[in-house]
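Visitor: Please show me the structure. I would like to ask about its inside.

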Amino acid sequence: MQDKIKLLKELQAIDQDLKNVRQGREALEKEQASLGSETDRIRAMVESLMSELDKLRDERRTLQLALEQEEQNIHRSEGHLPAIKTQKEYVAVLKEIDTAKKLNKDLQDRIQAKDGEIAAVTRDREEKEQELAELTAKVSDRLEEIARQLGECESQVGTQVHDRDSLFDQLPVPLRKRYQLLFERRGGLAVVEARNGTCSGCNMHLPPQLFNTLFTIQEIQSCPHCNRLLYVTALM
Ligand SMILES: [Zn+2]
């Protein structure tokens with residue numbers, strides 16, 4: 001029985017290590033995925049700002065063309081003025097020029113507003129590009145570090161699984177099952193010391209008779225409260 005307890009304690013120590021390493025590995029893998037999605041998110045923002053900028057520039061170009069067209073019209077109308085014979089026709093052309101100038105003023109205002117929008121979006125885009133560049137550098141460092149740590153986890157797990165299996169195989173089959181089940185259901189603590197008449201797994205008092213039998217009986221006893229496998233240090 002002492003041998004079995006010794007085996008179980010060693011097995012449990014390795015299993016606890018493995019559990020920690022595996023939890024660490026999961027956390028690293030989660031971080032790995034979230035780092036990628038954060039850069040993706042900012043890259044998408046940069047791209048959307050760039051297409052918004054393209055759209056604004058197109059709109060500005062259209063306004064600019066309209067303005068140039070209108071200026072040509074004014075120029076042409078003004079060129080006609082000296083050749084006009086009647087007062088009525090003269091007034092009509094002046095009115096036409098006046099209307100075109102008002103339209104021009106409106107186009108110039110809209111171009112100016114568009115320039116303001118373009119400048120604002122350009123600033124946003126530059127900020128996001130900067131953020132993306134910084135994040136990408138940071139992320140690539142962190143990803144490298146994560147890859148290194150995952151590699152370490154992998155080799156650690158490999159060695160420990162081997163040690164663990166060779167211990168596990170030395171236990172009688174029914175005990176393997178009891179241990180395995182308890183380890184999974186009792187938070188990685190299947191084998192515990194009974195100290196001062198108490199189970200150190202659940203901190204409940206053990207019946208005095210049971211506690212006493214731990215020193216004498218050859219079978220491994222379970223805590224009646226949490227079912228964990230008990231040992232007493234006096235035997236070790
Ligand atoms: Zn207990």
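Visitor: Which residues is Y179 in contact with, leaving aside its neighbours within four places in sequence?
Guide: This is a predicted model, where local features need pLDDT of at least 70, side-chain atom pairs count only at pLDDT 80 or more, and totals for chains, interfaces and linings use all residues. Residues are numbered from 1 along each chain as its sequence is written, and side-chain values use heavy atoms, with hydrogens and water left out. Contact means heavy atoms within 4.5 Å. By that rule, Y179 is in contact with L8, L11, Q12, D15, R164, F168, A190, V191 and L229.

Visitor: How many residues does the largest nonpolar core have?
Guide: A nonpolar core is a set of buried Ala, Val, Leu, Ile, Met, Phe, Trp, Tyr and Cys residues joined through side-chain atoms within 4.5 Å. Buried means under 20% relative accessible area (1.4 Å probe, protein chains only). Y179 and L8 are among the residues with the most contacts inside the largest core, which has 31 residues.

Visitor: Which element gives the largest share of this core?
Guide: Helices (H or I, at least four residues) and strands (E, at least two) are DSSP runs, numbered from the N terminus. Two or more core residues come from each of α1, α2, α3 and β3 (229-231). The largest share, 11 residues, comes from α1.

Visitor: How many residues are in the second, separate core?
Guide: Its members include V192, C199, F211 and C226. This second core has 11 residues.

Key
Buried < 20%, exposed > 50% of the residue type's maximum accessible area, 1.4 Å probe, protein only.
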